[in-house]
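My notes follow as numbered points, to be read beside the model.

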Amino acid sequence: MIFKSILGAATALGLALAAPAFAQDDKTTVGFIYVGPVGDHGWSYTHDQGRLAVEAEFGDAVETTFVESVAEGPDAERVMTQMALSGADIIFATSFGYGPEMNNVAANFPDIKFEHATGYIQEQPNVSLYNARFYEGRAVIGHIAGKMTETNKVGYIASFPIPEVIMGINSAYLAAKAVNPDVEFSIIWVYSWYDPAQEAAAAEALIEQGADIIMQHTDSTAPLTVAQDAGVMGFGQASDMSSFAPEAHLTGIMDVWAPYYIERVRAVIDGTWEQGNVWHGIADGMVGFAPFSDKIPADVRAEAEGMIAAIADGSFHPFTGPINRQDGTPWLAEGEVADDGTLLGMDFYVEGITSEIPN
Amino acid sequence: MIRLEKRLAPSKRAQYLNPFLAVLLTMIAGGLMFAALGKDPIAAIRLIFFDPIFSQQFGSFSRPQLLIKSAPLILIAVGLAIGFRAGIWNIGAEGQYIIGALCGAGVALAFYPVEGWYIFPLMVIAGALGGFLWAMIPAILKTRFNTNEILVSLLLVYVAERLLAAMALGAMRNPDIAGFPGSRDLRRYESAHNADLIAGTGMHWGVVAAIIAVIFAYVMMTRHSLGYQVQLAGQAPRAARFAGVSPARLVVICLGISGVLAGLAGMFEVSGPSGQVRIDFASGYGFTAIIVAFLGRLNPIGIVLAGLLLGLTYIGGELSQMMLQLPGAAIQVFQGMLLFFLLALDFQTNYRLRFTKGARA
């Protein structure tokens with residue numbers, strides 16, 4: 001009896017306190033879930049910049065919300081479901097590993113649009129995929145690195161041995177090798193996307209091994225600050241990191257999500273959203289560059305800018321034959337260009353890289 | 001000059017009251033923090049503690065989620081608490097959780113695509129065994145070489161994490177999808193799927209196991225001689241030795257039990273809510289369970305309440321991020337406050353400050 005009345009009171013209290021839902025008016029609600037903190041100045045930060053651009057573009061017509069540091073797996077599924085329940089019209093999930101969960105949630109909410117960055121699972125009609133051709137950017141910084149290294153050693157901090165990362169290493173290496181036949185890449189795997197301490201330790205180790213240019217496929221600014229302290233140079237990742245290490249920062253590949261987010265939200269507002277699967281690059285503005293440092297000599301800068309223009313107009317593809325695999329077997333013949341499928345499943349190094357992909 | 005003085009008879013009642021007081025203080029201090037961040041503190045506290053259960057909009061979804069989130073915490077914490085009572089500090093439950101998951105998933109993936117009733121029980125056994133063996137490393141090192149089990153068990157977490165990444169990228173990778181990390185989705189393999197026993201309730205086998213573990217631990221600690229030995233070893237190690245309690249045996253038993261339960265939690269998670277062996281499968285349950293064990297006063301019933309409470313702050317924390325745009329870090333601080341206030345209150349219960357006149361040399 002007592003238990004029942006307590007329960008009753010609690011329920012009444014709960015109902016009285018029930019949160020007001022998102023205004024169910026004609027506003028379009030846009031939800032984002034991020035795998036890291038928005039303050040990482042890397043991956044999640046750039047997605048949040050995209051969210052802010054959506055707010056700036058549409059003003060009062062949209063309402064945006066986000067949840068940060070959401071682990072892949074059941075946590076992601078719960079957050080996406082809660083977002084859907086709270087009245088979101090479109091949800092952007094911005095980590096590769098959210099795929100299975102996003103499709104599960106999309107099946108339960110067929111009227112809500114789902115957009116998955118860097119994913120590959122598309123089992124529901126309301127799930128779209130989008131990704132950026134970061135390897136195009138890697139080729140440009142690879143070129144600069146090949147030209148500027150004096151020790152002929154480039155240090156590369158890699159996250160996980162997955163196609164996206166392997167593709168980036170190959171692209172940077174090919175471009176560096178093209179302008180500097182003696183260049184060598186030392187690669188350290190840190191098995192994390194964001195771990196400042198480990199990234200810093202990796203950078204220190206690479207510099208100790210003689211690398212005078214550091215590249216990173218991880219999100220923190222730690223490698224750049226280590227590079228600056230050691231008097232060597234490096235490239236930023238995801239956003240403009242020059243303020244963290246102005247002396248060391250040459251340029252960086254920037255993730256520019258805003259145009260895509262604005263386009264997709266507009267489509268929802270207009271009622272014209274359709275399922276899609278895009279892989280945009282420099283040409284579409286999804287891959288950009290941080291301002292070039294004065295440390296880059298004028299001729300190298302001009303070459304890099306020429307390369308960017310050539311990639312943008314389609315006259316140059318970073319993976320153009322002849323290219324052999326690491327074991328010497330031919331991959332691309334003279335003039336042949338890699339197809340997207342091979343790139344997206346890339347599990348081999350190109351010829352010339354001396355280390356092995358860890359397994 | 002301030003001196004600390006141990007209270008001769010710490011209040012029993014305070015022991016049970018402190019967790020509730022800690023929650024209250026956390027609400028107040030957390031509310032002030034939220035207000036300082038420019039958010040409505042009442043709305044934030046309501047979103048964290050009430051809405052996941054009572055809101056019409058979210059409740060029917062998040063109530064089952066509470067079970068899913070709390071069950072592994074409770075299962076692991078119950079095992080840890082037995083060891084903590086005996087003064088045996090297994091800090092590496094996270095590692096045992098990972099290994100349990102890998103062993104359970106390994107069995108499933110080895111049988112794939114064969115269907116059979118016997119597969120899931122085999123996975124359960126493999127998960128328990130995996131957690132047990134991983135916990136035996138610090139146990140045997142301690143009994144043989146007198147190494148510190150805190151350090152060894154903790155460091156083994158990092159080994160387990162590497163092993164997990166290697167499995168997700170290598171041996172257990174889904175061969176049907178070129179290049180991408182992560183195993184097959186066990187939720188789509190019927191014989192291996194740890195599904196809701198009643199659809200939509202969140203009641204999976206892990207929840208059942210947690211309930212059984214709580215009952216088992218309660219009976220053991222209050223009715224069985226082993227429970228008596230554990231208590232004695234923790235409170236009076238010398239007396240325990242005179243009473244014939246073998247410290248080495250106790251180390252093996254306590255680490256073994258907590259390893260088994262952590263391994264089971266991992267196995268139920270990978271075959272159910274998570275579904276996949278993936279690089280970041282481990283989401284800190286093994287560490288959070290330490291907080292749950294202490295918040296629950298190392299008492300099985302208390303652990304149930306503490307586990308539910310912590311699960312609630314996770315789910316409510318996400319809601320308050322989403323609805324009020326509270327930063328994720330503020331939620332973590334909020335959860336940290338809970339432990340901070342509990343420890344502070346416990347300290348105050350066990351010690352008193354004495355102000356003495358003049359400095360003594």
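1. Which residues in α7(A) meet which in α8(A)? Pro196(A), Glu199(A), Ala200(A), Ala203(A), Glu204(A) and Ile207(A) in α7(A) face Ala222(A), Pro223(A), Val226(A), Ala227(A) and Ala230(A) in α8(A). Two residues are in contact here if their C-beta atoms, placed from the backbone, lie within 7 Å. By class, this contact holds nine nonpolar, no polar and two charged residues. The classes put Ala, Val, Leu, Ile, Met, Phe, Trp, Tyr, Cys and Pro under nonpolar, Asp, Glu, Lys and Arg under charged, and the others, Gly among them, under polar.

2. Before going further, some conventions. This is a predicted model, in which local features need pLDDT of at least 70 and side-chain atom pairs count only at pLDDT 80 or more, while totals for chains, interfaces and linings use all residues. Residues are numbered from 1 along each chain as its sequence is written, with chains lettered from A and ligands numbered from 1 in the order in which they are written. Helices (H or I, at least four residues) and strands (E, at least two) are DSSP runs, numbered from the N terminus.

3. On confidence, the model scores ipTM 0.87 and pTM 0.87. pLDDT is the predictor's confidence in each residue, from 0 to 100. Chain A has a mean pLDDT of 91, with 93% of its residues at 70 or more. Over residues 1-24 of chain A, however, the pLDDT is below 50, and this stretch has 25 contacts in the model beyond near neighbours in sequence. Where pLDDT is low, the predicted coordinates should not be read in detail. For chain B the mean is 91, and 98% of its residues reach 70 or more.

4. Back to the helix pair of point 1. Helix α7 (residues 196-208) and helix α8 (residues 222-230) of chain A pack at an angle of about 35°, and their axes are 8 Å apart. Axes are lines fitted to C-alpha atoms, for helices over the stretch in contact, and angles run from 0 to 180 degrees between N-to-C directions. The crossing of α7(A) with α8(A) is right-handed; a crossing gets that name if the near helix is turned clockwise from the far one by less than a right angle, and left-handed if anticlockwise.

5. Chain A has an open sheet of six strands in the order β7-β6-β8-β9-β10-β12, with mixed pairing. Two strands pair if DSSP finds at least two bridges between them. The edges are β7 (184-189) and β12 (287-289) of chain A, each pairing on one side only. On average, neighbouring strands of this sheet are turned by 20° against each other, direction ignored. Strand β6 (residues 153-158) of chain A runs parallel to β7(A) over six bridges, and Lys153(A) stands opposite Glu184(A) in β7(A). Helix α6 (residues 163-179) of chain A packs on the sheet and touches β6, β7 and β8 (213-216) of chain A, its direction making about 170° with that of β6(A).

6. Another open sheet of six strands in chain A has the order β2-β1-β3-β4-β5-β11, with parallel pairing. Its edge strands are β2 (62-67) and β11 (277-280) of chain A. Here neighbouring strands are turned by 15° against each other on average, direction ignored. Strand β5 (residues 127-132) of chain A and β11(A) run parallel and are joined by four bridges; one bridge partner pair is Leu129(A) with Asn277(A).

7. In chain B, the axes of α4(B) and helix α11 (residues 247-271) come within 8 Å and cross at roughly 175°. α4(B) is therefore roughly antiparallel to α11(B), a term for angles over 145 degrees. By class, their contact has 13 nonpolar, three polar and one charged residues.

8. The contact between the chains takes 42 residues from chain B and 36 residues from chain A. On the side of chain B that touches chain A, α13(B) gives the most, with six residues. That side divides into 22 nonpolar, 13 polar and seven charged residues.

9. Finally, some backbone details to check. The peptide bond from Gly321(A) to Pro322(A) is cis, with omega near 5°, and Pro322(A) is in the loop between α10 (298-312) and β13 (323-324) of chain A. A cis peptide bond also joins Tyr112(B) and Pro113(B), with omega about 5°. Ala238(A), not a glycine, has a positive phi of about 75° and lies in strand β9 (residues 233-238) of chain A.

Definitions and conventions: Angles under 35 degrees count as roughly parallel, over 145 as roughly antiparallel, 65 to 115 as roughly perpendicular and the rest as oblique.
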